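I opened a new page for this entry. The sequence and the model come first, then my notes.

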Protein chains: 2
Amino acid sequence: MTTLVYNDKRRNNYDHFLDLLDQTHINRYQDFNITFEYKKLAEQMLSECEFMDACSLEEKQKLFNEIKIKHLYQGQVLYSRNQDCRELIIVLSGVLKLGWNSYDGKYLIHRFIPTGALLNIVYLISESALEHEYVAHEATVIATIPEHIFKYTIQHNSRMLYQVLKLVCQRTRLLDNDIYHTSTQPLKVQIARQLIYLIEFFSTQTQKGIEVLLKLSQENLAELLKISRQSIRKEIQWFVEEGIIETKYNHISVKDIDKLKALLH
Amino acid sequence: MTTLVYNDKRRNNYDHFLDLLDQTHINRYQDFNITFEYKKLAEQMLSECEFMDACSLEEKQKLFNEIKIKHLYQGQVLYSRNQDCRELIIVLSGVLKLGWNSYDGKYLIHRFIPTGALLNIVYLISESALEHEYVAHEATVIATIPEHIFKYTIQHNSRMLYQVLKLVCQRTRLLDNDIYHTSTQPLKVQIARQLIYLIEFFSTQTQKGIEVLLKLSQENLAELLKISRQSIRKEIQWFVEEGIIETKYNHISVKDIDKLKALLH
């Protein structure tokens with residue numbers, strides 16, 4: 001079984017993450033006009049990171065004090081590829097997508113980043129420019145923490161530092177697994193894997209099945225799978241005909257999760 | 001630092017890629033044909049890692065005491081995918097290749113690992129099974145250090161721990177850059193990038209030009225680029241006709257390094 005999640009909490013079913021999603025789902029659809037509430041949400045999300053367990057109250061407070069909130073409109077470019085980014089990012093609501101422009105003008109998506117996810121540790125620590133472009137896939141709210149305070153904290157708390165190393169290693173392993181799949185697996189398996197990722201991070205259980213809350217056009221799916229729109233249309237048709245998924249107005253519902261999982265073996 | 005970098009202030013893709021390579025591997029161009037005692041060589045290579053600078057003599061000695069040497073014959077599988085690996089690996093001589101078997105029976109190469117490179121930190125820290133198969137591409141000698149002593153050392157030395165985190169982040173960035181290139185760049189650029197990687201880690205300067213010391217069949221190149229043998233033959237032919245490289249008996253010589261670099265710009 002492959003691990004598709006960012007955090008290291010072990011789950012063989014969806015309960016754990018759906019719980020987490022439910023929490024963020026409530027937050028997502030509340031009308032947060034006041035930045036103060038987003039700040040509280042950011043503190044809560046940060047507190048849920050494993051590496052924060054090793055933090056003293058004082059250290060936590062110092063990190064919390066530096067939180068800034070940013071509102072992004074749909075399609076807004078937060079960072080470009082090769083740009084320097086000197087802050088840690090937490091997605092509070094909405095979705096960020098990491099991607100690039102291809103040499104032939106196509107846009108390609110590396111990954112959709114869900115709420116609760118921390119971004120940029122790798123680029124802060126390696127002190128390097130970003131490899132991806134960061135775009136708000138929909139209206140999105142993020143929290144930022146400046147580099148210096150994050151680095152200072154982990155450099156003075158070795159238990160926290162070890163947990164950050166562990167988090168980075170788990171993500172690196174996910175990248176290795178990404179490359180394994182794109183290099184060695186047939187397209188249907190790759191699509192199944194992406195759908196499971198979307199279910200894990202962007203879905204809700206309804207009477208009709210598991211609904212992916214992320215709005216995804218066939219073009220978005222093509223960008224994610226790095227194939228042509230014609231190819232993705234044909235493949236998605238196969239998933240629909242097999243009764244695995246249903247698509248309607250840029251939304252995907254999973255009707256047969258077991259069949260989908262079986263494709264990943 | 002490599003001799004192939006020009007003093008060009010302008011950062012281009014080539015420089016960017018070299019930065020990535022410099023950060024992720026300790027040494028290049030070293031000639032280890034001289035008969036060494038392998039254990040001494042392992043100690044020397046380990047000492048050259050940046051994270052060892054923070055080590056006390058006593059800590060160093062404890063790590064050194066646990067070094068074991070393994071000799072691998074050409075084609076020997078050191079570890080399979082999904083196997084647990086509870087040791088740090090240093091390549092002392094020869095070449096390891098990290099790869100996988102594809103669903104259709106093809107073999108694919110993720111990366112050739114040169115001498116001096118440390119392997120497995122990510123899998124030790126994330127406590128997970130390997131994503132790659134490790135094979136000796138030629139007769140190869142490795143050193144191993146058991147997981148427990150490495151982890152114990154970094155957990156008790158936060159400066160060293162931070163440097164290990166930095167190393168992992170730099171390598172993760174190289175993976176991000178790998179994915180960027182395979183996803184967005186034309187095949188010729190991808191081939192140029194792989195050739196530059198081979199030059200950086202496996203080459204020597206001769207009267208004839210820059211000779212890649214690694215024995216590489218066209219099949220190996222196809223495995224590395226994840227394309228068919230017919231496609232790689234056609235592409236390599238283009239590089240030969242342009243006067244960029246020469247191939248002879250599974251060896252590549254680079255005749256026009258500037259032209260090769262220009263492809264990455």
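**Confidence.** I began with pLDDT, the predictor's confidence in each residue, from 0 to 100. Contact, in these notes, means heavy atoms within 4.5 Å. I looked up residues 1-32 of chain A: pLDDT stays under 50 there, and the model has 61 contacts beyond four places in sequence for this stretch. Chain A has a mean pLDDT of 87, and 86% of its residues reach 70 or more. For the complex, the predictor gives an ipTM of 0.87 and a pTM of 0.87.

**Ground rules.** This is a predicted model, where local features need pLDDT of at least 70 and side-chain atom pairs count only at pLDDT 80 or more, while totals for chains, interfaces and linings use all residues. Residues are numbered from 1 along each chain as its sequence is written, chains are lettered from A and ligands numbered from 1 in the order in which they are written, and side-chain values use heavy atoms, with hydrogens and water left out.

**The two copies.** How is chain A superposed on chain B? I found a rotation of 180° with 0.1 Å of shift along its axis, at an RMSD of 0.1 Å. The same surface serves both: 98% of the contact residues of chain A recur in chain B.

**Domains.** Chain A is divided into domain 1 (33-180) and domain 2 (186-261). These bounds come from an automatic or database domain assignment. The C-alpha centres of the two domains of chain A lie 26 Å apart. Their contact takes 16 residues from domain 1 and 12 residues from domain 2.

I then checked the record. An unreviewed UniProt entry places "domain: Cyclic nucleotide-binding" at residues 70-156 of chain A. UniProt positions are in the numbering used here, feature names are shortened, and annotations may be inferred rather than shown by experiment. Residues 70-156 of chain A are 16% helix and 45% strand, with the end C-alpha atoms 28 Å apart. Helices (H or I, at least four residues) and strands (E, at least two) are DSSP runs, numbered from the N terminus.

**Helix α5.** Next I asked which residues of α5 (residues 147-155) of chain A are buried. Buried means under 20% relative accessible area, exposed over 50%, and partly exposed in between (1.4 Å probe, protein chains only). The buried residues are E147(A), I149(A), F150(A), K151(A), T153(A) and I154(A). Their cover includes α3 (57-65), β3 (87-93) and β8 (140-146) of chain A. It also includes α6 (158-184) of chain B.

C49(A) is buried, at 14% relative accessible area. C55(B) is in none either, with the sulfur of C49(B) the nearest at 10 Å. C55(B) is buried too, at 10%.

**Positive phi.** Most residues other than glycine have a negative phi. N120(A) has a positive one, near 95°. It sits in the loop between β6 (118-119) and α4 of chain A, and is buried at 5%. N250(B) has a phi near 60°, also positive. N250(B) is in the loop between β11 (245-248) and β12 (251-254) of chain B. It is partly exposed, at 37%.

Technical notes. Disulfide = S-S within 2.5 Å. Least-squares fit on C-alpha atoms with pLDDT ≥ 70 in both.
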